[in-house]
Amino acid sequence: MIIAGAGGHAREIAGILEERNETENLFFFDGVTEGLLPPVWEKFPVVQRPDLAKKIIASDPRFIIGVGKPQLRKKMYDTFMALGGKPHSIISPNAFMGTFNVVLGEGLNIMTGAVLTQDIKIGTGCLIHIHVSVHHDCVVGDFCELSP
C-alpha cells in the first residue's frame, strides 16, 4: 500500500496503520521534494516518481491520501486514480462511528478521537481530523478537511 504524501499528516496515518498492524509493504509518495529521501522512521521507503508509484500500485492498488489541504487531496486522488490505484479509507480504531444511516465516500481519513454519529454523509476523499465531531443531518462534500 502507498500513502500519497510523506509529511506530518502522512506519518499520522502510518501510526494508525501500525495500530492496526497494516504496515507490511508500506510506502510513502513525495513527488515534490528534490533529491533522494531517506525512509520514514528508517523503515518505510519514500517513492518520488509516479512511474515507481505505478509499480507499487501494480502489486497492491490501495492508496491513502496523506495530505491535508483539500486541493492537494483532490490532486493526489486524481494522480493515483490515473496510475490505476484504488482509494483506501483509513479509520482510526479510536474513532467513534455511528450505526444508522452513515454514508461514507471512498478514500477517507478519519483520525483518532473523531466522532461520527447517525444520519450523516461524508463525501469522497475527506479528512476528518483528530477530535472532530460530525452529528445528525450533516452532509460533507468531497475532499473537505474538517478541523477541531
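Predicted model: local features only at pLDDT ≥ 70, side-chain atom pairs only at ≥ 80, totals over all residues.

Biologist: Which residues are buried in helix α2?

Modeller: Buried means under 20% relative accessible area, exposed means over 50%, and partly exposed lies in between (1.4 Å probe, protein chains only). Helices (H or I, at least four residues) and strands (E, at least two) are DSSP runs, numbered from the N terminus. In α2, which spans residues 50-59, the buried residues are A53, I56 and I57. Seen down the axis of α2, these buried residues fall within an arc of 100 degrees, so they line one face of the helix; the arc is that of the directions from the helix axis to the C-beta atoms.

Biologist: What lies on the face turned away, and what covers the buried residues of α2?

Modeller: The face turned away from the buried side carries the exposed residues K55, A58 and S59. The cover of the buried residues, judged by contact (heavy atoms within 4.5 Å), includes β1 (2-4), β2 (27-29), β3 (46-47) and α3 (70-82).

Biologist: How many disulfides does the structure hold?

Modeller: A disulfide is a pair of cysteine sulfur atoms within 2.5 Å. The structure holds zero. For C126, the closest cysteine sulfur is that of C144, at 4.8 Å, too far for a bond. C126 is buried, with a relative accessible area of 1%, whereas C144 counts as partly exposed at 27%.

Biologist: Where is the largest pocket lined, and by which residues?

Modeller: Rolling a probe the size of a water molecule over the atoms shows where empty space is left. On a 1 Å grid over the protein atoms alone, a pocket is an open set of points where a 1.4 Å probe fits, with protein on both sides within 12 Å along at least five of seven lines; lining residues have an atom within 4 Å of a point. The lining of the largest pocket includes G5, F29, D30, L72, K75 and T79. Helix α3 gives the most to this lining, with four residues.

Conventions:
Residues numbered from 1 in each chain as written. Heavy atoms only, no water.
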